[in-house]
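Visitor: I would like to learn how to read this model feature by feature. Please take me through it.

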Amino acid sequence: MATLTRTRAVSFLQDILGISVPCDTPDGQPRCDLPFLNRIIREFMGKLPFQSVTLIAEDLARRHVPSKSEIVEAMFKQHGGVCHSLNSFMFFLLEGLGYDVTLGHAFVFVEEDEHRDNHIIVFVQSLVTEGDLFLVDVGFGEPSFEAVSLDFETESPLYKHSYLEYKFFKQDGKIIRANGKGDIRLTRGPKPWEVCIGPWRGAYEFRTENIRRFDEFQKFYGHQYTSLDGMLFQRSLRAVMYPNGKALIILHSNMLCENESGDLVKYPLADDETVLKAYLKHFPQFEEEMVKRAVVTWRKQM
């Protein structure tokens with residue numbers, strides 16, 4: 001049974017994302033096509049942040065992999081979360097609307113991680129033609145405002161969203177997302193563990209057959225949520241959102257905003273009080289006391 005009923009999924013679209021739902025049939029079944037999916041993705045990334053605030057605000061001993069109900073509650077509050085919560089909820093949402101979806105594992109290229117499957121992604125099947133395959137990823141923190149067809153031969157078209165250019169490559173049975181202009185890593189030489197494809201810098205890789213049920217993912221993410229040796233976001237305070245398709249980022253003691261030219265401009269936040277005010281202004285869905293706890297904990301973990 002789907003985690004979200006059609007009624008609850010439609011409610012989220014209308015009440016949280018402000019989207020009207022196209023329907024062509026008397027039974028109220030939404031029109032599950034590519035244009036509607038892309039609108040959902042854009043509005044979702046414009047209103048729900050990729051963020052570590054709620055995680056860091058929790059005492060380490062209380063941190064845990066969120067359940068289905070906790071993920072759903074967080075999204076209806078517009079709290080967002082990290083990849084596990086954001087992409088899991090996108091799966092629940094699309095499934096409830098009637099899209100043919102599965103969850104997949106991916107590996108984000110990091111210096112050292114024994115847990116190779118450290119990222120969740122969503123696959124959508126038979127979206128435009130029978131048997132086709134698309135990727136949806138609203139949980140990576142970087143802009144990705146449309147479903148990406150995975151039926152290319154060896155190299156996808158170029159995508160330009162917000163400040164970032166990226167594309168996908170097929171190599172040795174894997175698909176690699178690689179970033180171009182706009183990726184700050186391109187201002188330095190590659191690290192030994194990083195994947196380079198010409199001028200492109202790898203972000204993550206996955207296999208389309210690496211799919212699992214939601215409950216199968218839970219055991220993989222305990223380390224990521226409960227150990228400071230787990231994912232970076234336990235120690236890195238941040239929130240990223242794309243209102244009207246423009247990047248708005250608070251990262252540590254800096255705010256980065258996208259200008260009209262599509263470039264990120266950095267604004268230093270002088271002290272913790274300024275950091276707090278920035279969160280409360282740009283992410284008013286966060287309770288003040290929660291942000292204060294997150295800032296204090298983040299400082300202790302630095």
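**Reading the model**

Guide: Start with a loop: G131 sits in the one between β3 (119-125) and β4. Helices (H or I, at least four residues) and strands (E, at least two) are DSSP runs, numbered from the N terminus. This is a predicted model, where local features need pLDDT of at least 70, side-chain atom pairs count only at pLDDT 80 or more, and totals for chains, interfaces and linings use all residues. Residues are numbered from 1 along each chain as its sequence is written, and side-chain values use heavy atoms, with hydrogens and water left out.

Visitor: Is G131 buried or exposed?

Guide: G131 has 58%, so it is exposed. Now look across the model. G131 and E273 are 142 residues apart along the chain, and their C-alpha atoms are separated by 53 Å.

Visitor: Where is L135, and what does it touch?

Guide: L135 belongs to strand β4 (residues 133-136). Its relative accessible area is 3%, so L135 is buried. Contact means heavy atoms within 4.5 Å. Not counting residues up to four places away in sequence, L135 touches I121, V122, F123, E146, A147, V148, L150, F168, Y204 and F206. L135 and L103 are 32 residues apart in sequence and 10.0 Å apart in space, C-alpha to C-alpha.

Visitor: What about E205, buried or exposed?

Guide: E205 is in strand β10 (residues 200-212). Its relative accessibility is 11%, so E205 counts as buried. E205 and P26 are 179 residues apart along the chain, with C-alpha atoms separated by 42 Å.

Visitor: Which residues have a positive phi without being glycine?

Guide: Two cases are worth a look. Q78 has a positive phi of about 65 degrees and is not a glycine. Q78 lies in the loop between α4 (68-76) and α5 (83-97). At a relative accessible area of 26%, Q78 is partly exposed. D172, also not a glycine, has a positive phi of about 55 degrees. D172 is in the loop between β7 (164-171) and β8 (174-179). At 73% relative accessibility, D172 counts as exposed.

Visitor: How do I check the length of α5?

Guide: Compare two spans. The expected span of a helix is 1.5 Å times one less than its number of residues. The 15 residues of α5 should span 21 Å, and its end C-alpha atoms are 21 Å apart, which agrees. α5 is mostly covered, with 14 of its 15 residues buried. After α5 comes G98, with a positive phi near 115 degrees.

Visitor: At what angle do α4 and α5 pack?

Guide: Axes are lines fitted to C-alpha atoms, for helices over the stretch in contact, and angles run from 0 to 180 degrees between N-to-C directions. Angles under 35 degrees count as roughly parallel, over 145 as roughly antiparallel, 65 to 115 as roughly perpendicular and the rest as oblique. α4 and α5 pack at about 90 degrees, with their axes 10 Å apart. They are therefore roughly perpendicular to each other. On the α4 side are K68, I71, V72, M75 and F76, which meet H84, S85, L86, S88, F89 and F92 in α5. By class, this contact has seven nonpolar, three polar and one charged residues. Ala, Val, Leu, Ile, Met, Phe, Trp, Tyr, Cys and Pro count as nonpolar, Asp, Glu, Lys and Arg as charged, and the others, Gly among them, as polar.

Visitor: How do α1 and α4 pack?

Guide: Helix α1 (residues 6-15) and α4 pack at about 30 degrees, with axes 11 Å apart. That makes α1 roughly parallel to α4. R8, S11 and F12 of α1 make the contact with V72, M75 and F76 of α4. Those residues divide into four nonpolar, one polar and one charged.

Visitor: How many disulfides are there?

Guide: A disulfide is a pair of cysteine sulfur atoms within 2.5 Å. A search of the whole structure finds zero. C32 is in no disulfide, and the nearest cysteine sulfur, that of C23, is 9.8 Å away. C32 is partly exposed, at a relative accessible area of 24%.

Notes: Buried < 20%, exposed > 50% of the residue type's maximum accessible area, 1.4 Å probe, protein only.
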